[in-house]
Amino acid sequence: MGAVPVAMEGRPGLEIGPAFRRARSDAADAFLAALLPPVPGVALAAVGGYGRQELSPGSDLDVVLLHDAALDAEAIAEIAKKIWYPVWDSGAKLDHSVRTVQEARELASTDLAVAAGLLDARLVAGDATLVAGIRAAAFADWRREPARRLGDLRREYAGRLERHGELAYRLEGDLKEARGGLRDSTMLRFISASWLVDVPHGAPERAREFLLDVRDALHGVSGRALDRLLLQEQDAVAAALREAGVLAGAEPKEAAELYSSDADLLLRRVAEAAGTIAYAAETAWHQVDAVLVARNPARRPVRRPLADGVVEQDGEVYLARAAAPSRDPVLVLRAAAAAADSGLSFAPNTLRRLAEESAPLPRPWPRPAREAFAALLGSGPGLIPVWEALDRSGILQSLLPEWRRIRSLPQRNSLHIHTVDRHTLETVAAAAALTRRVDRPDLLLVAALLHDIGKGLPGDHSEVGAELTADLAPALGFGPADAGVLTGLVRHHLLLPDLATRRDPDDPATLGTLLDALAELPCPRLEALRLLRALSEADSTATGPAAWNPWRAGLYRNLAFRAEAALLGCDPPAAEPSDPAHSAELAERCRNDPGGLVVVVEDAQTVSVATADRIGLLAAVAGVLALRRLTIRAATTETVDGIAVQRWLVTADWSAALENRLREDLRMALAGTLDVAARLATRDAGERRTRLVAPPSTAVLPHASASATVLEVRAHDSPGLLHRAAAALAATGVSVRSARISTLGAEAVDVFYVVDADGAPLSDGEARRVAGAVEGVL
């Protein structure tokens, strides 16, 4: 709000809560009222959040200067200047308009934002009858055409969901625009204002106050008018809320068990608040639909069977008249599967009956329960809203108490965009699209549900999750063999991605590690491979674009091809069959090239380089790409009969001129006439920014290869990072036999297969020396 004073005492960043929001509004009122000349027929009205007296530290002042139509336009313009210019001079942010009551009303008839803002209009200063008149007119117009107005409001709601996602499941959610955020809470007021239906009260209103408190803290600690709860701000926001008493008493025992910091607890509380608001919004819209359907004179209620004891009526799922949840414990799973498969929502009364009357399922689950559960998980995207309804109503707690621990659990890495629970559901939905590729779809779907069940507990989440799965699978009714397969899939769900992206596919140890893991599963190894590949792809797809793209898909596919060939007793393919720049072909082109250098731009994102192998080659190519400001997303390098063949996945706007410059830069760098390191150092000196990130690490991976020493480098990605690491390796005198380069969000994970001058793995002491040299440079 800039320089407009707040008439309360409070520490910066701790001016949090409704009293401070009202104080900011009162201070703004006094400031603006002093600027409005005492002219009859003129009024200043606050609208939107300012009208509701919900000003956060960085909120805009949203005002309308109303005036009588008979007043002179030039006189009104002079009055407006006397208000706007001092506000701008104060540094406050201003959203303003000048209108007559009729003009405001006409604009509101076609502009949803204007209409909604006027519903919150409040007198700041001047002629009270003007503001009272526009408020009365705004409400009357809103109620005159409720179907049209609410239709516009619902389309806006759907658009925000598509653009901003769901606040309850985002790790960096938008407090205002995301589903379940402040905009949705305000939307409930507008639905209620139609007089068509009432909306839920109590819990949604408390949730709104909490989100407003979070926004207060976010504005205060960041010094910016942020609505997105960025990861780098969460610790400070949580600390401010803790000191202000907002997080005090928030289930300390549970927080200590499940959440490693106040920031994690903050995200959980935000998720709970957002879930409460989102559920209230969906309930309100269901009520709106029911009222509009009931008003249709041609309506003839028809019940359509969906499953045993489950019917559909008016687009909602109901229990059949003869259904008895107290005598049929599997009914809740049949109803959920039917709702998800048909893409319908539960009628509110249906959820209430299932929550209050359902008989508990015995453990182990009977076969019909397990089959209905698999049908629910296999429903694809329809699973997610149904699962949320089961969770919100408390039904899920009785069905799967283990879910409670991962509900709204944050995961703090640059790959994920969702909390653990939502990522899990997205993984299951993605796995449902891959069930045709496996013999046991039920095992794939349940493994997808349980793959991250170990997160939030001490230790490797894959190993912890496998232990939990070993106990949970029998409780769900799976026999010993199936439980063993599920346990193995959870234990090894990261293995194929790790091997495909961070290991040399031509090294026998890579394939051997995968085959050994498959042998642990008590099922045919070929089926185990298909299950593990489908689970890996579903997990990566659900993680986000940093973990799943055509490049990574090709790496997964290539390793799976090799494993399948080995299991069938065939020779593994030398390269992925669909690869357009086959390594052997590039090597042959290099040998025939007069300059001994081939640079091929295969598409808008892939650069292939082939030239005689030498120490320092990887550093030279990486440096040239960095000089041309090409962001390296991934890379592979191998040697074919003395020719190094490299493929780089980069981000750039390509042009023929850039391709030619890249080829010439490489020639100069390899000839020693272009000092790449010096050029990068000069350029980056003026661009470097201080970042609060974890320090880089370099590790020697034992047993990863029998023919080379494998070094893994992890660091926050930055321009020239790979060049510096590769140059450090070259300076030690070792040769990079092959490399797998990955950029995962903001983190780089680079794996180098290095050998000594004789082509042999390094000794333990030499490996530690080389790793230390790389880490020292980074």
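The model is predicted: local features need pLDDT of at least 70, side-chain atom pairs count only at pLDDT 80 or more, and totals for chains, interfaces and linings use all residues. Residues are numbered from 1 along each chain as its sequence is written, and side-chain values use heavy atoms, with hydrogens and water left out.

Helix α8 covers residues 182–193; helices (H or I, at least four residues) and strands (E, at least two) are DSSP runs, numbered from the N terminus. Nine of the 12 residues are buried, that is, under 20% relative accessible area with a 1.4 Å probe, protein chains only. Among them are L182, L188 and A193. The buried residues of α8 pack against α5, α6, α7, α9 and α12. Just after α8, W195 takes a positive phi of about 65 degrees.

The axes of α7 and α8, lines fitted to C-alpha atoms over the stretch in contact, come within 11 Å and cross at roughly 170 degrees. The two helices are therefore roughly antiparallel, a term for angles over 145 degrees. Their contact (heavy atoms within 4.5 Å) is made by L150, L153, E156, Y157 and R160 of α7 and R183, D184, M187, F190 and I191 of α8.

Elsewhere, T606 belongs to strand β10, residues 606–612. T606 counts as buried because its relative accessibility is 6%. Leaving aside neighbours within four places in sequence, T606 is in contact with W551, V600, V601, R647, W648 and L649.

Terms used:
Buried means under 20% relative accessible area, exposed over 50%, partly exposed in between (1.4 Å probe, protein chains only). The expected span of a helix is 1.5 Å times one less than its number of residues. Axes are lines fitted to C-alpha atoms, for helices over the stretch in contact, and angles run from 0 to 180 degrees between N-to-C directions. Angles under 35 degrees count as roughly parallel, over 145 as roughly antiparallel, 65 to 115 as roughly perpendicular and the rest as oblique.
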